[in-house]
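Start with the sequence and the model below.

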Amino acid sequence: MKQTNMDDYHSLMSDVELPDRVRENVMREVEQAQEGQRAGNATTSPHTRTTKKSHPLVRGVAAAACAVVLAVGLAFAGNAVFWPNALPSDSTIKASLPTSGNFFTLAAYAAEQGEGKLEQSATLEFKNFGIGGGWSWGSYDAETGLSHEDGDSPNSVGDDGTCYAQVGYFLDLTCVGNNIRSVTYSIDGEGVHFTTENRTYGPNDRRPVDFKEQDSFTIAYGEQTADKTKMQRKLMAYFPLEGRAIEIWTVLKRDYEKQKEVYDSLAPDGGTTQIPRSEHPELLSDIELKTLNDELGQIILRRYGEILSKSPLTLTVTFDDGSTETKSYIIAPVEDFEQRYADFSAESYKNPRALWPTLYTITETEA
Amino acid sequence: MRANARATTFIERAMDSWGAMVYRLALNQTRSPQDADDVAQDVFLKLLNNPPVFRDDEHLKAWLIRVTVNRCKELRRSAWKRRVDATDTASPELANIEAPLQELVASDVWEAVSRLPKQLRLVVHLYYFEGYPVDEIARLTRCNPSTVRTRLHRARKKLKLDLEQEAKRETDEYGRLPLADERR
């Protein structure tokens, strides 16, 4: 088969997008579901329910089970998603800012804090930080943070057996202000950097991927929206796992290997899609698996915030008149991080659709 | 209400990020734009109504791939499946679809890929388009890596033959075209 033929397939397929009619139908269903939910909330008493349901914990775990099976398998894969067009749309942001003179701020900060409140923290809203991205563990290159995995991924760099966590989230870096020509973003910390990936490529795409790790990059003010559409930019940190995290990692890795053996014996030709863990005592139970994943997630995300708290994020703006101004921000875990995370973990048993809580704050500091 | 807004945001952004991937995979498996519409819609509604807890975005992506493939299987099994000739660009349904999609389904390579058995089509798509390595495809499709490699090998062989025959047929037809002198 000629490579050009598959290039044709790739090229033609790349131009195909999700049709608007599908998107509209889905969103219509979402709205109807929410209207139904609102109506139900208003009229239905818990005492009138007649449908028998399993215990919420069991339901939540059952829903998560088949997914967790795969999640562990993918734990070595690099993060790969982006949430485009996540610009803060609140008109209140601009309303609270100066309307004339050279001025700028990070929109994610201004959305909650407004202007002129140096050294005061704002919670870094989930929509601005945390909604896209994720964490993974595996063997990473200590110098670059790139994943050690076999295969065709551009991240393939070998395997030295050291277990690192890698965490990356899409921080909405939108800058707002007056008379701005360009914005330079910088991050200064050990094991922390921005990753930038051309969103038109997948992370495992066989074409050369325009993937960069950067401590700093510059965007023209008027091109922020276009940049968001085209590029995935994450705030990435990588660090070695220690103590309890290593213990959990060891257990999860062993479970994954056992699970793979079960898959291979049950579904040599791909016929089975999931394994009921309750029928395989050699595997962790669904609850054990979720509990360990949650605990590891809490340790890793807390550590991520601690590392960011020592890594100032700096915005340097060049105004139309050629002058420049710099502001620094510090991202850190919220004070009640453990409680929020625990609440989320508990909620996710009952509601598999539970979204991540706001786990970090942002504070403008002296540049 | 806040949870509802978040659910809406979650679905919108999932469609922004992975909508095209789901749709293309559905297209690869069903070979019908109309069925791909239905599958993509069902997949995102399932994401709305009954999603697992996603630890990260790779997890979400893998989930979407598996649900899409399973939904396509269900569609094939269902008795009411519409029978639409996906390559009939003159049909009213296809005439109304987006130009890139029309171009795809009218191409030789699409026709050749469409003639592959569904399991071979799937590995071709995941390997050549999504760029997954063999081991990842094995995990996603619950196969042994050796099975994936075999399917890829068979797919390459069949595609090569198909596309070569297509090229030869075009050449033959071109060779048979009457010359202007002969028409006179």
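What follows covers the basis of the model, its cysteines, its ring pairs and the charges over rings.

## Basis

This is a predicted model: local features need pLDDT of at least 70, side-chain atom pairs count only at pLDDT 80 or more, and totals for chains, interfaces and linings use all residues. Residues are numbered from 1 along each chain as its sequence is written, chains are lettered from A and ligands numbered from 1 in the order written, and side-chain values use heavy atoms, without hydrogens and water.

## Cysteines

A:Cys175 has 1% relative accessibility, so it counts as buried. Buried means under 20% relative accessible area, exposed over 50%, and partly exposed in between (1.4 Å probe, protein chains only). B:Cys72 is also buried, at 1%.

## Aromatic pairs

Rings of Phe, Tyr and Trp (its six-membered ring) pair if their centres lie within 6.5 Å; planes under 30 degrees apart count as stacked, over 60 as edge-to-face and the rest as tilted. The count is nine aromatic pairs over all chains. In one of them, A:Tyr169 and A:Tyr304 have ring centres 6.0 Å apart and planes at 55°, so the pair is tilted. Both residues, A:Tyr169 and A:Tyr304, are buried.

Ring pairs also build a cluster of A:Tyr169, A:Tyr304, A:Phe337, A:Tyr341, A:Phe344 and A:Tyr360.

## Charges over rings

A charge sits over a ring if NZ of Lys or CZ of Arg is within 6 Å of the ring centre and within 35 degrees of the ring normal. A:Arg233 lies over the face of A:Phe217, 4.1 Å from the ring centre. A:Lys327 lies over the face of A:Phe104, at 4.9 Å.
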